[in-house]
Amino acid sequence: MRFKTFVLAGMALALMAASCAGKKEVWPSKEEVKGMVKQVNDHWQQTHPEPGWAFWHVAAYHTGNMEAYRLTQDTAYLNYSLKWAGHNQWKGAKSEDKAQWKYSYGETDEYVLFGDWQVCFQTYADLYAIEPDTQRIARAREVMEYQMSTDRKDYWWWADGLYMVMPVMTKLNAITGNPLYLEKLHEYWTYADSLMYDTEDALYYRDGKYLYPAHKTANGKKDFWARGNGWVLAALAKVLDVLPQDNAYRDEYVSRFRTMAQALAACQQPEGYWTRSLLDPAHAPGPETSGTAFFTYGLLWGVNHGLLDKETYAPVILKAWNYLSKVALQPDGSVGYVQPIGEKAIPGQVVDAGSTADFGVGAFLLAACELYHFSEVK
C-alpha cells in the first residue's frame, strides 16, 4: 500500500512539473522578497512592542525574526530578540528545583522539560553565535544536559515538539562539541517516530490521540494536521542545516525529509495552500497559512541545499508562495489565514484574512528568507 501511495504521488508531481514546462513562471525579485520580509516584520514589531514570555508561540516567532535579521542586517530585529531574551532571563520555564521539573503539557515554571518551554533556546543559541557570551546559553545547557542525563526517551510526545527542540540540540552540539546532543536527539526522535509517524502516508499524527482508526476526520479519513506536519518538516530542515555531514544518522533524517516532502507536495491544493487536515480538505476547508509557510520553507530549504529536485518542486513552491504573498499577506503587512493556537483541524472554525498569530508570522519569515536564496529569484 505504501508503494502504491508513493507511485501515485510521484506521478502527480511529474504531471505537475510537466504541466508547467514551457510556461513562464513569474518569480519575485530579491528586492521584492526582502521588501516583504521588512513589511511583515516591521508591522509585527511595531504592533507588538512588549517582549512577552518565552513560551512556544512567541519563541517560534523569534526563530523567524533571527532569519530576518540575518537576511536584512537590520539591528532593530536583533535588538528585538535581545530585549525578549533579557526580559526572560535567557530562560524558558524558570523553576530551579530539578525534582519538580516536568515534561507533560504545562504553562507554569515547573514544566522545564516540556519542549514548548525549550524552543526559546534556539534563539538564545543564535544570539550566542553572534556574541559568544556564556550567559546566553547557560540555562539552555543546564536544562538540556540535565534532560540528557535521565534514562527517559519519551520527551517528544507531540509533533510540534520536534520543531521546538530538535534544532536546539544540533545548535548546542555545534557550540559545545558534546556528541551526546546528537545521540539523544536520535533517541528521542526514534521514540516520537514510533508514536506518531504513519509509514503508509509518510505523514505525522499530531500525537497519540489522533491515531487512525481510533480517531478519524468527519469523513472517516486519517487526520493529519497541517501545522503539526509543518513543524516536523521545518524541524528536519533546521537539523540538517547544522548536522555534520558525517553524522551516523544523517541519511535517516534525509530520507524522512524527502519522503515527507513528496507526500506533502501531493496534497497541496490547486490554489497553492494546504488545508488544515491534509488528506481530507472537506474536513476543514479553506486556506491555512502556518502549515503552508512551514511547508514552503522546508521545500525551499531542500531545493536550495540539493536534497530535493528543483524541477519537481519549483512549481509546488511557486504556487505556495503566490498564496502566501498574494492572499495571506495583507496590505498593512499583517499575515492572515493563520489557524489559532490549537492541535487539530476543527470543522467550522473561522480562519480568515484577520486571523494572525506570532508563530504564523515567524513561519512566513522563514519561508520568505529561504526564498531569497532560491536560484530562480534574481
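# A walk through the helices and loops

Helix α4 passes α5 in a left-handed crossing. This is a predicted model, and that crossing makes a handy place to start. The two helices, α4 and α5, pack at an angle of about 120°, with 11 Å between their axes. On the α4 side, the contact is made by Leu78, Ser81, Leu82, Trp84 and Ala85, and on the α5 side by Cys120, Thr123, Tyr124, Leu127 and Ile130. Sorted by type, the residues of this contact of α4 with α5 come to eight nonpolar and two polar, with no charged residue.

Both of these helices also meet α6. The buried residues of α6 pack against α4 (75–87) and α5 (120–130), and also against α7 (160–176) and α8 (180–196). Those buried residues are Arg136, Ile137, Arg139, Ala140, Val143, Met144, Gln147 and Met148. As for the shape of α6 itself, its 15 residues, 135–149, reach 21 Å from first C-alpha to last, close to the 21 Å expected at 1.5 Å a residue.

The 17 residues of α7 should span 24 Å at 1.5 Å a residue, and the 25 Å between its end C-alpha atoms agrees with that. Of those 17 residues, 14 are buried, so α7 is largely enclosed by the rest of the structure. After α7 comes glycine 177, with a positive phi near 75°.

Helix α11 covers residues 289–304, and its 16 residues should span 22 Å at 1.5 Å a residue; the end C-alpha atoms are 22 Å apart, which agrees. In α11, 15 of the 16 residues are buried, so this helix too is largely enclosed by the rest of the structure. Glycine 306 follows α11, and its phi is positive, near 75°.

Helix α13 is made of residues 358–372, and α3 packs with α13 at an angle of about 25°, with their axes 7 Å apart. The two helices are therefore roughly parallel to each other. Like the pair we began with, this one has a handedness: α3 passes α13 in a left-handed crossing. On α3 the contact is made by Trp56, His57, Val58, Ala60, Tyr61, Thr63, Gly64, Asn65, Glu67, Ala68 and Leu71, and on α13 by Asp358, Phe359, Val361, Gly362, Leu365, Leu366, Cys369 and Tyr372. The residues of the contact of α3 with α13 divide into twelve nonpolar, five polar and two charged.

Leucine 366, one of the contact residues on α13, also gives a sense of distance: its C-alpha atom lies 26 Å from that of threonine 190, and the two residues are 176 apart along the chain. Threonine 190 is found in helix α8, where it is partly exposed, with a relative accessible area of 39%.

Now for the backbone. Most residues other than glycine have a negative phi, and most peptide bonds are trans. With that in mind, look at the loop between α3 (56–72) and α4, which holds glutamine 73. Although glutamine 73 is not a glycine, its phi is positive, about 60°, and the residue is partly exposed, with a relative accessible area of 49%. Glutamine 89, in the loop between α4 and α5, likewise has a positive phi, near 60°, in a residue other than glycine. At 46% relative accessibility, glutamine 89 counts as partly exposed. The peptide bond is the feature to check at proline 213: the bond from tyrosine 212 to proline 213 is cis, with omega near 10°. Proline 213 sits in the loop between β2 (203–204) and α9 (226–242).

The loop between α4 and α5 has one more stop for us, tyrosine 111. Is tyrosine 111 buried or exposed? At 13% relative accessibility it counts as buried, the cut-off for that being under 20%. Leaving aside residues up to four places away in sequence, tyrosine 111 touches Ala93, Lys102, Ser104, Tyr105, Gly106 and Trp117. Valine 232 is 121 residues from tyrosine 111 in sequence, and the two are 22 Å apart in space, C-alpha to C-alpha.

Key:
Residues are numbered from 1 along each chain as its sequence is written. This is a predicted model: local features need pLDDT of at least 70, side-chain atom pairs count only at pLDDT 80 or more; totals for chains, interfaces and linings use all residues. Side-chain values use heavy atoms; hydrogens and water are left out. Helices (H or I, at least four residues) and strands (E, at least two) are DSSP runs, numbered from the N terminus. The expected span of a helix is 1.5 Å times one less than its number of residues. Buried means under 20% relative accessible area, exposed over 50%, partly exposed in between (1.4 Å probe, protein chains only). Contact means heavy atoms within 4.5 Å. Axes are lines fitted to C-alpha atoms, for helices over the stretch in contact, and angles run from 0 to 180 degrees between N-to-C directions. A crossing is left-handed if the near helix is turned anticlockwise from the far one by less than a right angle, and right-handed if clockwise. Ala, Val, Leu, Ile, Met, Phe, Trp, Tyr, Cys and Pro count as nonpolar, Asp, Glu, Lys and Arg as charged, and the others, Gly among them, as polar. Angles under 35 degrees count as roughly parallel, over 145 as roughly antiparallel, 65 to 115 as roughly perpendicular and the rest as oblique.
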